[in-house]
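Dear colleague,

I am passing on the structure that we spoke about, and my notes follow below it. Please read them with the model open beside you.

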Amino acid sequence: MVELYTTVAPSLHVSVKAGGNVTHASHALRGYLNASQKLKRSTAILYFDIKSAYYRVIRQLASNLTTCDADIARVMQHFELEPEEMHHLLHEIKQKSALQHAGADVHDELLIEELLQHTWFTTCAKRTMTESLAGTRPGDGMADVVFSFVFQRLLSKVHEDLQDLLSWA
């Protein structure tokens with residue numbers, strides 16, 4: 001899955017790539033800002049606070065998990081979405097999943113679907129099982145990869161919207 005992700009990821013989305021580190025993007029941003037300042041170009045930066053985003057991923061955007069009414073109701077309730085948001089949520093879920101968009105084969109998508117269904121965890125402080133209804137599984141080795149596929153989809157959408165809004169080429 002990491003190999004597939006590296007084929008579709010933007011060049012500076014490096015935290016999942018082999019040898020990558022989140023500080024690489026920070027250094028690239030600082031270099032870009034310095035160059036823009038020297039060239040006297042206006043610059044804007046859009047920040048996403050992803051501190052707890054791993055736990056807020058709508059799993060149905062990663063792969064085509066079931067979208068029965070009960071699942072949609074659980075997503076709406078979990079994310080405290082207003083009823084008028086259901087149409088937008090259904091529209092997004094019915095699009096190609098992040099994995100399909102990246103060109104994942106059916107086998108890989110089914111593996112991720114299985115990974116994201118019926119998930120639970122315990123902690124040292126809390127011995128009872130807790131079902132995880134959204135996000136990537138806490139502590140799972142695939143969490144970064146699954147999150148990155150969904151985040152890439154989000155960034156692509158933001159980029160498209162900004163191009164339309166600002167008439168960028």
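Helices (H or I, at least four residues) and strands (E, at least two) are runs assigned by DSSP, and they are numbered from the N terminus. This is a predicted model, in which local features need pLDDT of at least 70 and side-chain atom pairs count only at pLDDT 80 or more, while totals for chains, interfaces and linings use all residues. Residues are numbered from 1 along each chain as its sequence is written, and side-chain values use heavy atoms, with hydrogens and water left out.

I begin with the core. In soluble globular proteins, nonpolar side chains tend to be buried together.

Leaving aside residues up to four places away in sequence, F149 touches M1, L4, Y5, V8, A98, L99 and A102, where a contact means heavy atoms within 4.5 Å.

The structure holds two aromatic pairs. Rings of Phe, Tyr and Trp (its six-membered ring) pair if their centres lie within 6.5 Å, and planes under 30 degrees apart count as stacked, over 60 as edge-to-face and the rest as tilted. The rings of Y5 and F149 have centres 5.3 Å apart and planes at 80°, so this pair is edge-to-face; it links distant parts of the chain, with Y5 in helix α1 and F149 in helix α8, 144 residues apart. The rings of F147 and F151 have centres 5.4 Å apart and planes at 15°, so this pair is stacked. F147 and F151 both lie in helix α8, four residues apart, about one turn of the helix. Y5 and F149 are both buried, and so are F147 and F151.

Two residues in a loop remain. Y47 lies between α2 (22-38) and α3 (59-62), and because its relative accessibility is 62%, Y47 counts as exposed. A53, in the loop between α2 and α3, is buried, with a relative accessible area of 18%.

Methods
Buried means under 20% relative accessible area, exposed over 50%, partly exposed in between (1.4 Å probe, protein chains only).
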